[in-house]
Amino acid sequence: MNDDDISVESRLQELGPSDSINVVQLLKQEDQEIEAKLGLDSGILDVHRTIKEHPGLEKRVGAILDKFYPRERSQSHTERYEEDIDDIYDVEEHREKSDVTKKDMGSAKDVVPPENFSHIVGEIYRSSFPRPENFPFLQNSIKLKSIMVLFPEEYPQENLDFMSKAGIKLFQIGMSGNKEPFVNIPSDLLTSALEVAINPENHPILIHCNRGKHRTGCLVGCIRRLQNWSLTMIFDEYRRFAFPKARALDQQFIEMYDEDKIKQIAKEKNWLPIKW
């Protein structure tokens, strides 16, 4: 922990017992505004990380929020739970969806892409979690060479068996989706994912998380930044795929992501510009 974090920590602890409303206001502002509020001038601070890393401080802040905003806190917990449903792989849910799809698909076995499937650029694709009825499409229609999954849970055996038979390589870069108040995608993990995604040796490649919305949307947004898209275009694409649960934190992450490292790697390996 650096000196800036210690200063933030001490100020928050001072404010906690005597000025609880002020703490709530601090947590609702952007990092630059928080810094101004605390009277510091050393650069943008990650107050969320400071609170999370200090034993007991996160619990105290939560108690303050419950005291002053009990209904809002209750609703936010429900929203967070709903977001978790989108982020976590559910075996039974996928089996039920597969059963319904198989009944409806008839003889069109080679043309059933995964939900939220789309072409990104070149031979890079995106989707939700592939199910067995999608395997022929992935193998025969787009002839995948690689799949990159962006969640930390164990990959299903039936998917691993399919990939082994089809000669498809798996890259797993587990990350949690961006959620208020304390969960953020680490930038270094996103950079590692970009290294896999834009490397032509891995193409054709499919990128997916659970729904193909949030973590996948963040990665695609950063690919678009490498293509010099405007933020307006990037956010429009993100919202279309994340609808109806677009996350402001995802869009903030895309905007604030520092692409210098991946650009340097890509330049050295001649990966840019990404070919359409």
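**Close-up views of helix packing and aromatic contacts**

**View A. Contacts between helices α11 and α12.** In this predicted model, residues G217, V220, G221, R224 and R225 of α11 are in contact with I234, E237 and Y238 of α12. Helix α11 covers residues 215-226 and helix α12 residues 231-242; their axes lie 10 Å apart and the packing angle is about 155°. Angles over 145 degrees count as roughly antiparallel, and α11 and α12 are therefore roughly antiparallel to each other. The crossing of these two helices is right-handed.

**View B. The charged end of R126 and the ring of F241.** The charged end of R126 sits over the F241 ring, at 3.8 Å from the ring centre.

**View C. The aromatic pair F129 and Y155.** Seven aromatic pairs are counted in the model. For F129 and Y155, the ring centres are 5.4 Å apart and the planes stand at 40°, so this pair is classed as tilted. F129 belongs to the loop between β2 (124-127) and α8 (135-141), and Y155 to the loop between β3 (146-149) and α9 (157-166); the pair therefore ties together parts 26 residues apart in sequence. Residues under 20% relative accessible area count as buried. F129 is buried, with a relative accessible area of 1%, and Y155 is also buried, at 4% relative accessibility.

**View D. An aromatic cluster of F117, Y125 and F137.** The residues F117, Y125 and F137 together form one aromatic cluster.

How values were computed:
Residues numbered from 1 in each chain as written. Predicted model: local features only at pLDDT ≥ 70, side-chain atom pairs only at ≥ 80, totals over all residues. Heavy atoms only, no water. Phe/Tyr/Trp six-rings, centres within 6.5 Å; stacked < 30°, edge-to-face > 60°. Helix = DSSP H or I, 4+ residues; strand = E, 2+ residues; numbered from the N terminus. Buried < 20%, exposed > 50% of the residue type's maximum accessible area, 1.4 Å probe, protein only. Lys NZ or Arg CZ within 6 Å of the ring centre and 35° of its normal. Axes fitted to C-alpha atoms, helices over the stretch in contact; angles between N-to-C directions. Parallel < 35°, antiparallel > 145°, perpendicular 65-115°, else oblique. Left-handed = near helix turned anticlockwise from the far one by under 90°. Contact = heavy atoms within 4.5 Å.
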